[in-house]
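Please view the sequence and the structure first, then read the points grouped by topic below.

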Amino acid sequence: MRQYRRFAFVFIFGVIAYLLMNLFVFKVWTEDILTWNNQHNGDEARLGYITGSAYDKLLVSPTPKRHIETYEYKGQPVDVLTFGDSFSNGYGGSFYQDWIASVDNFSVMNVRTFRGKGRSSLDTMLIILNSGYIDKIKPRYVILEVLERNIVEWGSVDIDFTITADRKEIDAELFRGPAKDQLPEVKFVNEGNMKFLLYSLLYKFSDNAFFSKTC
Amino acid sequence: MIFNSNEFLFFFLPVTLTVYFLLNRYRLTLASKSWLVAASLFFYSWWDVRYLPLILASIAFNYALGTVLGKHPDGRRKGAILLFGAAANLALLGYYKYFNFFISNVNGLLDSGIPVQRIILPLGISFFTFTQIAYLVDSYKGTAREYDLLNYGLFVTFFPHLLAGPIIHHKDMMPQFASSRKKVLNYKNMATGLLLLSIGLFKKVVIADRLSMWANTGFGGDAPLNMLSAWYTSLSYTFQIYFDFSGYTDMALGASLMFNIKLPINFNSPYKALNIQDFWRRWHITLSRFLRDYIYIPLGGNKSGPNVTYVNLMVTFLLGGLWHGAGWTFILWGGLHGTAIVVHRIWHGHNIRMPKPLAWLLTFNFVNIAWVFFRAKTMQDAHRVLAGMFGLNGLMLPAGFKKLMDALSIKGVEYGNWRTIFDGTGDPSFFVAAALVFCLLARNSNETAARFTPDKKTLAFALLLTFIALTSMGKVYEFLYFNF
């Protein structure tokens, strides 16, 4: 019985030690590059787990902000409604919607992706349509943007054209306050911690740690 | 709450275990039982607390009826009470699981346009309903007697089996809950439970979830599948469902064993089966036993000649298929297995022997093909995958085969990248082959647990499985905008 007792205790302490090690690595190094805490980290830091190259990007928009986001909607006329991914949501530092609004003098409203596991901007558009918002807003045009590399993936899955959601949830998330875009939740025990430790070791021997995603 | 979640592994399980054994240490038996019931209800409610009253009402109803059945003298009235109880349980299950299926079929037949309801299937309803129907039948037969609501509540809600089985019997469980020896922390059970938990977690999180990517990709699209893609799609699912369900069961058995409660095993290397009857003695064993004891035998079993036996078998398997899900694909899956069992009986009756490798190949491929109907959302999806598997969309071999087998080009065989459909998810070949070898050659979890000796090698093995599984549970996305 003592052997079993030792097995159980060593196993439990082993797991606790592993959790603590992950917590340490996460808090000291990887949290900043894997979570939304420091959203302006560069790609190199994130893809290559090079925490030393993390920096704050200065995002500059060439056009003044003329489009509105859903939380700024107060019933005003909207000509163009836009749905899309990062390109539509200004992650490069500017919005193409501002360009349309400036050049064509349209009123443009952007709808960020309605959260939920596996939901895309296409799902968001269908949810907004099926929940009656399009009828309420009455836009003249709807733009659905998707990156070229994702179009095959979109076209090859079953699209649920009847998808809908509770209007209270939609209102709460999109229309009542600034939409918070977040990275998927990252647990403190994660594969990124292991990659960070491995790559940190391998960078001593190879500029791209042999198989990191940096070139 | 699910077993492969941080909440369960690092909060719920350690806290429940610690408090349970502390209460028992101070001989607070009633408090320890109450604690386990409360913890199990908390476990159940974690998903959606709105369904807590449903399971509580179901427990109260069946407890009351079981008490009446236990005290009632034998006779027609007792039979009527049992019938009423079984019907009420099935009505509850029928409403939540089959109502919309029924309505959509009525609409399809009569063009009646009845609106379908927004019904969310409560977690584990199929399992706790079957567990309680079995209890009512056992009470009717006099093999189960329970006059303590707390005991009965613990029997139904004990969290390791609550959501996905194994389906348990009152007479197997209650003596264990009552035994005073089981209330003391047992390090052998604790260590074996931890080993089973680590194996199950690894099977679920690392193997099954990986295989699910290829199965989901293949079954999810609309594009025609070439032969290799279709086979990898179906095989990925065949192994996914095994590693997923058996992994979950391992975790259930492991968690339960930590409380010194032995749950019945549910899987015994089913893909080693040499015939379909053998498969059903190895796959979801507690369900097979339930269907045999509570449907097949009450229908008459094999007592009324071969033809009636075949009908009884078909009915049992069709209902078994329907139990798995409300859809024609599930019914067809059950029908296929029923037919295979009937064919096996006829074959067996003629005493014809088949070489073992051929018997395995036939059984495994039948099971694999039948899973296509089980997994497909619609008949069209099933047809799409099967069309690919049977070569109706052509055969494309890896480009490297061109030099070796160029003569086949005349027969329409193409060479190139056959796995374009899996782009972005990696190559399934190695993983599927490894899963097959593992299923055929490796010891299953129950055998591993039975031979368990707490040496350094096993400890390192269990820790390694756990570390890999925990790490895999924490997916990260380096491509920041991937999900937007």
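**Briefing on chain B**

B:S269 counts as buried, at 5% relative accessibility (buried means under 20% relative accessible area, exposed over 50% and partly exposed in between, with a 1.4 Å probe and protein chains only). This is a predicted model, in which local features need pLDDT of at least 70 and side-chain atom pairs count only at pLDDT 80 or more, while totals for chains, interfaces and linings use all residues. Residues are numbered from 1 along each chain as its sequence is written, chains are lettered from A and ligands numbered from 1 in the order in which they are written, and side-chain values use heavy atoms, with hydrogens and water left out.

**Positive phi values in loops**

- B:S269 is not a glycine, yet its phi is positive, near 45°.
- The loop that holds B:S269 runs between α10 and α11 (276–282) of chain B; helices are DSSP runs (H or I, at least four residues), numbered from the N terminus.
- B:N351, also not a glycine, has a positive phi of about 55°.
- B:N351 is in the loop between α14 (328–349) and α15 (356–375) of chain B, and B:N351 is exposed, with a relative accessible area of 59%.

- B:K204 belongs to helix α9 (residues 187–220) of chain B and is buried, with a relative accessible area of 11%.
- Apart from neighbours within four places in sequence, B:K204 is in contact (heavy atoms within 4.5 Å) with B:N4, B:D209, B:F243 and B:D244.
- The side chains of B:K204 and B:D209 make a polar contact at 2.8 Å; such a contact is a pair of N or O atoms within 3.5 Å, and within protein one must be able to donate a hydrogen and the other to accept it, while residues adjacent in sequence count only if both atoms are side-chain atoms.

**Packing of α10(B) and α17(B)**

- Helix α10 (residues 227–258) and helix α17 (residues 428–441) of chain B pack at an angle of about 45°, their axes 10 Å apart; axes are lines fitted to C-alpha atoms, for helices over the stretch in contact, and angles run from 0 to 180 degrees between N-to-C directions.
- That angle makes α10(B) oblique to α17(B), where under 35 degrees is roughly parallel, over 145 roughly antiparallel, 65 to 115 roughly perpendicular and the rest oblique.
- Residues making the contact include B:F239 and B:F243 of α10(B) and B:V432 and B:L436 of α17(B).

Methods
Helix = DSSP H or I, 4+ residues; strand = E, 2+ residues; numbered from the N terminus.
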